[in-house]
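Subject: Structure handover and notes

Dear colleague,

I am passing on the structure we spoke about, and my notes on what was found in it follow directly below. Please read them with the model open beside you.

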Amino acid sequence: MAMDASTRTVALYQHNEALRKHVTKVIKTQKISEYYLHTISAESCPSELAANENAFRPLKNHPDFKHSPEEMDGHVVITAETVFYAQGGGQPYDLGVMRTLDSDNAAAFDVLAVSNGPNGQILHFGRFQPESTKIFGEGESVEQVIDGKALFGVYPGFNPGKMSQAMAFYFCFAFKKYADSGICAGARRDLNSRIHTGGHIVGLAVRHLAQSIPGIVELKAQHYPDAAFVEFKGVIDGKHKAAIEDQANRFVQRALPVKVYWWNKQEMEEKCAVVPENVVVIDGELLRAVDIEGAGAYPCGGTHVPDTSLVGKVVLRNISRRRGVSKISYSISEANGEEAPRLSTAVDSKS
Ligand SMILES: [Zn+2]
């Protein structure tokens, strides 16, 4: 039976953040240019069009996709479920591979960008490896692996000189940390999860210091390796920098459990430290929340580490103030104080 082309993709990472490998079914495989022309730009309603354009945002300035969407080579693969994080909520997408299970009829697809597309579908953008004898068929079972093969230099077309700095960083970071232990999957995701949890910790540290820093409300956050920040409504003076950093690292040292919940509107408002203005909570629907036990919860669709000690160390880089909005830039370093590299990302930083 043919699958409904508009079947939503189940974002498995929202339910099991530890999952790095999964077998699922293909809903659709299409050339990126065709998908763009038939699905994205074919929509006439302006608001839909804007939402659909967002689906292509991770491909802007992407080192592997040079052309405009109409001429872009490569494929978009939509699956029933996915372990690949779709860029959003200030967190970058996952990289990895999808491959067929049937070795006589082999196809492998490098996932180079992931976004939220129209109709609740998650879009995996990438290219089939040259050895592939075909592309994925509708309804076919494929195995998804985050990072995986990419880390050991057997990535097709792997050319470190051509990689963006951010990708080089991810590869090197992953290699250094995991090569010896033999654990290869998910290093980029692990880092993104650490930085994301670090962002929640920075926000909650400011909240914890409400007596000395009153009237502050979280607005938005971004958790990119080179450009992580949390933004607040209200003025945070630079003199609080050390106190915020100390409080953040006290949360880290306590190894507080990080838990995911699905709450309704009322629960969100009661249990979250704040429900930021840009978070839409619809009556009767459940929304995902991430609670750092003993520190506080935020509505959040991103991935996190199981407890705060795994973040490493939170480093406050700068506090800037502009028109009543304060922005705290932060990074994370290893627990031993070794600095995590800060390199520019090639991916578009708005989500
Ligand atoms: Zn979050």
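Of the 351 residues of the chain, 42% count as buried, where a residue is called buried if 20 or more other C-beta atoms, placed from the backbone, lie within 10 Å of its own, exposed if 12 or fewer do, and partly exposed in between. Please keep in mind that this is a predicted model, in which local features need pLDDT of at least 70 and side-chain atom pairs count only at pLDDT 80 or more, while totals for chains, interfaces and linings use all residues. Residues are numbered from 1 along each chain as its sequence is written.

Among contacts between residues at least 6 apart in sequence, 72% join residues at least 24 apart; two residues are in contact if their C-beta atoms, placed from the backbone, lie within 7 Å.

The barrel

Six strands make a closed barrel, in the order β2-β3-β7-β6-β5-β8 and with antiparallel pairing, where two strands pair if DSSP finds at least two bridges between them. From one strand to the next the twist averages 45°, with axes taken as lines fitted to C-alpha atoms (for helices over the stretch in contact) and angles running from 0 to 180 degrees between N-to-C directions. Helix α1 (residues 32-40) packs on this sheet, where it touches β2, β3 (75-79) and β7 (122-128), and its direction makes about 70° with that of β2.

Strand β8 (residues 141-146) is joined to β2 (residues 21-31) by 5 bridges, the two running antiparallel, and Thr24 stands opposite Val142 in β8. Strand β8 also pairs with β5 (residues 96-100), again in the antiparallel sense and over 5 bridges, with Gly96 opposite Ile146. Strand β5 in turn pairs with β6 (residues 108-116) over 4 bridges, antiparallel as well, and here Arg99 stands opposite Ala108.

A separate heading is given to the open sheet of 4 strands, which has the order β9-β10-β15-β14 and antiparallel pairing. Its edge strands are β9 and β14, each of which pairs on one side only, and the twist averages 20° from one strand to the next. Strands β9 (residues 217-223) and β10 run antiparallel and are joined by 6 bridges, and they form a hairpin with 4 residues between them; within this pair, Lys220 has Glu231 as its bridge partner in β10. Strand β10 then pairs with β15 over 6 bridges in the antiparallel sense, while 9 bridges join β14 to β15, which also run antiparallel. Ser326 of β15 is the bridge partner of Phe232 and also of Arg321.

Helix α4 lies across β9, β10, β14 and β15, running at about 160° to β9. Of its 22 residues, 20 are buried, so that α4 is mostly covered. How far apart are the end C-alpha atoms of α4 (residues 187-208)? They are 31 Å apart, which agrees with the 32 Å that the 22 residues should span at 1.5 Å a residue, the expected span being 1.5 Å times one less than the number of residues.

The cores

The largest nonpolar core has 40 residues, and those with the most contacts inside it are Ile201, Val202 and Phe251; such a core is a set of buried Ala, Val, Leu, Ile, Met, Phe, Trp, Tyr and Cys residues joined through C-beta atoms within 7 Å. Elements that give two or more residues to this core include α4, β10 (228-233), α5 (241-253) and β12 (287-292), and α4 gives the most, with 8 residues. Leaving aside neighbours within four places in sequence, Phe251 is in contact with residues including Ile201, Leu204, Ala205 and Ile292. A second, separate core of 38 residues includes Tyr35, Met72, Ala107 and Phe128.

Cys300

Cys300 lies in the loop between β13 and β14. Is Cys300 buried or exposed? Cys300 is buried, because 24 other C-beta atoms lie within 10 Å. Beyond its neighbours within four places in sequence, Cys300 is in contact with Gly89, Arg288, Ala289 and Val290. The C-alpha atoms of Cys300 and Gln14 are separated by 9.5 Å, although these residues are 286 apart along the chain.

With best wishes
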